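Notebook open, viewer open. I want to go through this fold piece by piece and jot down what I look up.

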Amino acid sequence: MKSIEGKLDGKGLRVTIVAARFNDFIVERLIGGAVDYLARHGCDEKNIDLVRVPGAFEMPLVCKRLAARKNCDGIVAVGAVIRGSTPHFEFVANEAIKGIAQVCLESGIPIGFGLLTTDTLEQAIERAGSKAGNKGAEAAAAMLETVRVLEQIA
Ligand code: INI
């Protein structure tokens, strides 16, 4: 059986993190998780750019523009949509999820999906570096692995 796997190796990769400013308190921790993960997996911090956008709704458009420029190997999108304080939670979350998936498929650039969608602030805190891990780091790992898998599938 031939098995193809992507190494979690960020050496030589150029990565852009797209971060929503909404729920900044949570998102800063997701950014920190992503940068820490990338740095610990060989990515030179000089090759990591950070682009801030107002909220999750704006993430797909900015990811689309970044992907079209073709000067990064992968994108990590981080943000937090929290139902408790968001009457239009479903709309914002759904548009962000759909849009990012579409950009990813159309551009062929791997996008690590680090958008938290939670019912409460407490759940968001849990996923932003406390007891349920750090979704920013997980998204960075997924992006790295996907970049390396795609390299092997010509
Ligand atoms: N954006 C978020 O990233 N998270 C949220 O929880 C949120 N809430 O609560 O509404 C949110 N709204 C802003 C939205 O993403 C846009 O920036 C705004 O509608 C302007 O287009």
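Below are my entries, starting with the ground rules and then the sheet.

**Ground rules**

I am working on a predicted model, so I keep in mind that local features need pLDDT of at least 70, side-chain atom pairs count only at pLDDT 80 or more, and totals for chains, interfaces and linings use all residues. Residues are numbered from 1 along each chain as its sequence is written, and side-chain values use heavy atoms, with hydrogens and water left out.

**The sheet**

I looked up the strand order first. The sheet is open, has 4 strands in the order E2-E1-E3-E4, and the pairing is parallel. Strands here are DSSP runs of at least two residues (E), helices are runs of at least four (H or I), and both are numbered from the N terminus. I take two strands as paired if DSSP finds at least two bridges between them.

Which strands stand at the edges? They are E2 (48-53) and E4 (111-118); each has a single partner strand, so one side of each is left without a neighbour in the sheet. On average, neighbouring strands of this sheet are turned by 15° against each other, direction ignored.

Next I checked one pair. E3 (residues 74-82) runs parallel to E4, and 8 bridges join them. I also noted that Ala 80 stands opposite Leu 116 in E4.

**Helices on the sheet**

I then asked what lies across the strands. Helix H2 (residues 59-69) lies across E1 (15-20), E2, E3 and E4, and runs at about 175° to E3. Helix H3 (residues 89-107) also packs on the sheet, where it touches E3 and E4, and its direction makes about 170° with that of E4. For these angles, axes are lines fitted to C-alpha atoms (for helices over the stretch in contact), and values run from 0 to 180 degrees between N-to-C directions. Contact means heavy atoms within 4.5 Å.

**Asp 73 and its partner**

Asp 73 lies in the loop between H2 and E3. I listed its contacts beyond four places in sequence: Gly 12, Leu 13, Arg 14, Ile 109, Pro 110 and Val 147. Its C-alpha atom is separated by 8.3 Å from that of Thr 16, 57 residues apart along the chain.

The side chain of Asp 73 meets that of Arg 14 in a salt bridge (3.4 Å, N to O). My cut-off for a salt bridge is a side-chain nitrogen of Lys or Arg within 4 Å of a carboxyl oxygen of Asp or Glu. This pair links distant parts of the chain, with Arg 14 in the segment before E1 and Asp 73 59 residues apart from it. Buried or exposed? Arg 14 counts as partly exposed at 35% relative accessibility, and Asp 73 is partly exposed at 25%. The scale I use is buried under 20% relative accessible area, exposed over 50%, and partly exposed in between (1.4 Å probe, protein chains only).

**Other salt bridges**

How many salt bridges does the structure hold? I have 10 on record. Another of them joins Arg 40 and Asp 36 (3.0 Å, N to O). These two are 4 residues apart in helix H1, so about one helical turn separates them. Arg 40 is exposed at 57%, while Asp 36 is partly exposed at 38%.

Arg 83 forms a salt bridge with Glu 90, the closest N and O atoms being 2.7 Å apart. I followed this one further and found Arg 83, Glu 90 and Asp 119 linked in a network of salt bridges.

**Positive phi**

Most residues other than glycine have a negative phi, so I looked for exceptions. Asn 23 has a positive phi of about 55°; this residue lies in the loop between E1 and H1 and is partly exposed at 21%. Lys 70 also has a positive phi, of about 55°. Lys 70 lies in the loop between H2 and E3 and is exposed at 60%.

**Asn 134**

Asn 134 is found in strand E6 (residues 133-134). Asn 134 is buried, with a relative accessible area of 15%. Among the residues that Asn 134 touches are Arg 29, Leu 30 and Gly 33.
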